[in-house]
Amino acid sequence: MKKISILSLLILFTISACNSLDEDPKAFIAANNFYKTTEDAEAAVIAIHNAMNSGTHTLYNRLIQISTEMATDDYEAGPRARNAHVRALSNLTHDASNDRMLELWRQSYDGINRANVAIDNISNNPALSSQKDKDLVSEAKFLRAVLYFNIVRWFGDVPLVLHETTTLTAEALNVSNTPEAEVYAQIEKDLLDAEALPVKQQINGRPTSGSAKSILSKVYLTQKKWQLAAEKSKEVIDSKVYDLFENFEDVFNVATKNGKEHIYSAQFKGLSNWNGNMLASTSAPNTVPGIAGDQADALHTAGGLFESFAEDDARKYVTFGIKYVSPTDGKTYTTIPHFYKYFDLATPASPGQSSKNTPIIRFAEVLLIYAEAANEYQNGPSALAYEAIDRVRKRAHIPLLSNISPALSKDDFREIVFNERRKELVYEYQRWFDLARRGPDYFVARLKAAGKTNAQPKHVHFPIPQRELDLNPNLDQVPAWKLQ
């Protein structure tokens, strides 16, 4: 937990803006000119976006993938993954000294601090009272909620800090853990406030009212607030603002990004100050001439995920690549399955420069949230729950569930929806969260079935970084990780 001072605010604004949001904050803003105009307020909010996905190995630019997703039944580190911290996560032998845990913690609280700075300084300034200024506060609350939603699921009880830290006193810096329930309550409050955002934004990539409602439905789902999750996701569905692309591959094409299915995405603009999507480089094999993959064979599938797809499932060969045409010699090369969603034919020699976005939540997931939540609170699947999952299956060109299994039990329907989530959302930062929310028994069983025999109940959380515990005497380790 770091002090946010006037000096750090000056540093904050020197960070270049997220290019895909088409904003250009000042390179330097003097302290006495802070928050004089809506343009200054805009720069503060763009800085929150930057903390999440601008630059390499930030939260939504591969960090979540090489940290949390590596510890699932979908991923395993191959022979080229030489980093000991990554291999430990894959093998579930990580501990509180793992540097990926430290980065998850540090970058999350960096973004939260930026959100707090923006919210406090815009809200408390009488000169910033236009509707645009109010929308910027709502946007900052949305981003703060997304960040807290991640870390409360990763670490459990975490410090809940809601205002700018401006002093170096021990009381201000050494913040204690806050119970999960209180953190979730604040997340819900921020997202309800963020529902005041416009239904559509003038600038692509900015969160909307629908973004807030969709994430909120997922927050309710995670807490097993089934009826609230069903009602909120149904509100998004009934709004008719969003729809599925007809072709699954369009979800990940540059030409169709920020389209009708995209509710909120991490924005990337490659070939510009290295703000490309690094997932594209891990989607590229390094055994094909002219394609510069980044340790691609270190990130192949675990647990039979590739084999679980029917051959005619339209998602299979958008999700995975096994044949690549060399841009150098024109020959076709066959490889082990690689995650393919973000492979970009436009940047084969420098795949990390891709402009493909990474979905954080899209309409297909909202449909699956509704199907799962409605099944739980209605004690079995309704016709509308079947309809929701069948919209996803129809796009995938697989048999409609209502045709092949029209009278499923609550338990059977739950498992089918859960498996549909796995196939629909591969490589979209969802699997670890899904496994963890099902509880320790489910998590351990699935990981062991995938050959990860070190799985233990404690792995439904990550350990709070030891460095943070050393710096903050009031911070307590996740209970299950104390017994080490």
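The model is predicted: local features need pLDDT of at least 70, side-chain atom pairs count only at pLDDT 80 or more, and totals for chains, interfaces and linings use all residues. Residues are numbered from 1 along each chain as its sequence is written, and side-chain values use heavy atoms, with hydrogens and water left out.

**Overall make-up**

- The protein chain holds 20 helices and six strands. These are DSSP runs, numbered from the N terminus: helices are H or I with at least four residues, strands are E with at least two.
- The chain has 484 residues, and 60% of them count as buried. Buried means under 20% relative accessible area, exposed means over 50%, and partly exposed lies in between (1.4 Å probe, protein chains only).
- Take the contacts between residues at least 6 apart in sequence: 68% of them join residues at least 24 apart. A contact means heavy atoms within 4.5 Å.

**Nonpolar cores**

- The largest nonpolar core has 125 residues. Such a core is a set of buried Ala, Val, Leu, Ile, Met, Phe, Trp, Tyr and Cys residues joined through side-chain atoms within 4.5 Å.
- The residues with the most contacts inside this core are Tyr60, Ile122, Phe142, Trp154, Phe155, Ile187 and Phe413.
- Helix α6 (residues 131-155) gives the most to this core, with 14 residues.
- Domain 1 (37-167 + 174-196) and domain 2 (278-356) each supply at least three residues to this core. The domain bounds come from an automatic or database domain assignment.
- Another core, of five residues, lies apart from it and includes Ala284, Val288, Ile291 and Tyr324.
- Beyond its neighbours within four places in sequence, Phe413 contacts Ala371, Asn375, Pro381, Ala385, Tyr386, Ile389, Leu401 and Leu408.

**Helix packing**

- Two packed helices are described by the angle between their axes and the distance between the axes.
- Helix α10 (residues 226-238) packs with helix α14 (residues 363-377) at about 145 degrees, with their axes 8 Å apart. Axes are lines fitted to C-alpha atoms, for helices over the stretch in contact, and angles run from 0 to 180 degrees between N-to-C directions.
- On the α10 side, residues making the contact include Trp226, Ala230, Ser233 and Ile237. On the α14 side they include Phe363, Leu367, Tyr370 and Tyr377.

**Buried loop residues**

- Glu428 sits in the loop between α17 (410-424) and α18 (431-437). Glu428 counts as buried, at 2% relative accessibility.
- The side chain of Glu428 makes a polar contact with the side chain of Arg362 (2.8 Å). A polar contact is a pair of N or O atoms within 3.5 Å; within protein, one must be able to donate a hydrogen and the other to accept it, and residues adjacent in sequence count only if both atoms are side-chain atoms.
- Not counting residues up to four places away in sequence, Glu428 touches Phe252, Lys341, Tyr342, Pro359 and Arg362.
- Thr58 lies in the loop between α2 (38-53) and α3 (59-67). Thr58 is buried, with a relative accessible area of 10%.

- Leu92 is not a glycine, yet its phi is positive, near 60 degrees. Leu92 is in the loop between α4 (84-91) and α5 (99-123), and it counts as buried at 4% relative accessibility.
- Lys224, also not a glycine, has a positive phi of about 65 degrees. Lys224 lies in the loop between α9 (209-222) and α10, and it counts as partly exposed at 46% relative accessibility.
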